Amino acid sequence: MMISNKTWIKLGSEICKAGLINRQYPLDQAAEAHRYADTGRKRGNVIIATSLTS
């Protein structure tokens, strides 16, 4: 069964609301995601997504 990008994004949103994921970044902002994670301010996981299209 293939899951659409829209479904993954919706699932990711729900997980963020639950506090398990702190932030999501597109692949082209991976360096920014690492900088944020290194600040020590993150409270959950930081996700680097290869695609954030719906």
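**Overall build and local features of the model**

Among the contacts in the protein with a separation of 6 or more, 36% join residues 24 or more positions apart, a contact being heavy atoms within 4.5 Å. The structure is a predicted model, in which local features need pLDDT of at least 70 and side-chain atom pairs count only at pLDDT 80 or more, while totals for chains, interfaces and linings use all residues. Residues are numbered from 1 along each chain as its sequence is written, and side-chain values use heavy atoms, with hydrogens and water left out.

The protein has two helices and two strands, taken as DSSP runs numbered from the N terminus (helices: H or I, at least four residues; strands: E, at least two). Read from the N terminus, these elements follow the order α-β-α-β. Along the principal axes, the C-alpha atoms fill a box of roughly 40 × 25 × 15 Å. Of the 54 residues, 15% are buried, where buried means under 20% relative accessible area, exposed over 50%, and partly exposed in between (1.4 Å probe, protein chains only). The protein exposes about 4400 Å², of which carbon and sulfur atoms supply 54%; accessible areas come from the Shrake-Rupley method with a 1.4 Å probe, and for residues only the protein chains shown count as cover.

Helix H1 covers residues 5–17. Its 13 residues reach 18 Å from the first C-alpha to the last, close to the expected 18 Å, which is 1.5 Å times one less than the number of residues. Just after H1 comes glycine 19, with a positive phi of about 90°. Tryptophan 8 lies in H1 and counts as partly exposed because its relative accessibility is 48%.

Alanine 31 is partly exposed, since its relative accessible area is 46%. Its C-alpha atom is 9.8 Å from that of isoleucine 48, 17 residues away along the chain. Aspartate 38 also belongs to H2, and counts as exposed because its relative accessibility is 68%. Between aspartate 38 and arginine 23, 15 residues apart along the chain, the C-alpha separation is 13 Å.
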